[in-house]
Amino acid sequence: MTARRSAPTVLPCSIDPQSWDVDEGSYRAGLDAQRECLQRCPRLAACRAEVSAMVSAGDPPRSMIWAGVAYRHDGTAVATDRGLRVYYNRVEGQRAVERGSAA
């Protein structure tokens, strides 16, 4: 009998990375990304462990959704849907400044 090889797992965040970027994506895409992480990602536990280690080291994720949690440009976790909406709705000029792309 031959052993079956399972197909490589495609992570949701690798299919459309922009949806996980809170400085590039949209509020709706951010909510969808959070849901994908929490409901479908086979690496959720590993991602949570990675985030915990990063936060403990003083280097939290920035401007992204990681393990189902949105992190602002300064590494602060966004705890509520309302907070996420407010963060996405800030003016485009402010987004550019936070990304460091403004002159």
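Start with the sheet: three strands form an open sheet in the order β1-β2-β3, with antiparallel pairing. Strands here are DSSP runs of E with at least two residues, helices are runs of H or I with at least four, and both are numbered from the N terminus. Two strands pair if DSSP finds at least two bridges between them. This is a predicted model, in which local features need pLDDT of at least 70, side-chain atom pairs count only at pLDDT 80 or more, and totals for chains, interfaces and linings use all residues. Residues are numbered from 1 along each chain as its sequence is written, and side-chain values use heavy atoms, with hydrogens and water left out.

Next, select β2 (residues 69-71). Three bridges join β2 to β1, and A70 in β2 stands opposite I65.

Now select M64, in strand β1 (residues 64-66). M64 is partly exposed, at 27% relative accessible area (buried means under 20%, exposed over 50%, partly exposed in between, with a 1.4 Å probe and protein chains only). Beyond residues up to four places away in sequence, M64 touches W20, D21, V22, V69, A70 and Y71; contact means heavy atoms within 4.5 Å.

Finally, select W20, V22, L31, A33, C37, I65, A70, V78, L84, Y87 and Y88, the largest nonpolar core. Such a core is a set of buried Ala, Val, Leu, Ile, Met, Phe, Trp, Tyr and Cys residues joined through side-chain atoms within 4.5 Å. Helices α2 and α4 (81-89) each supply at least two residues of this core.
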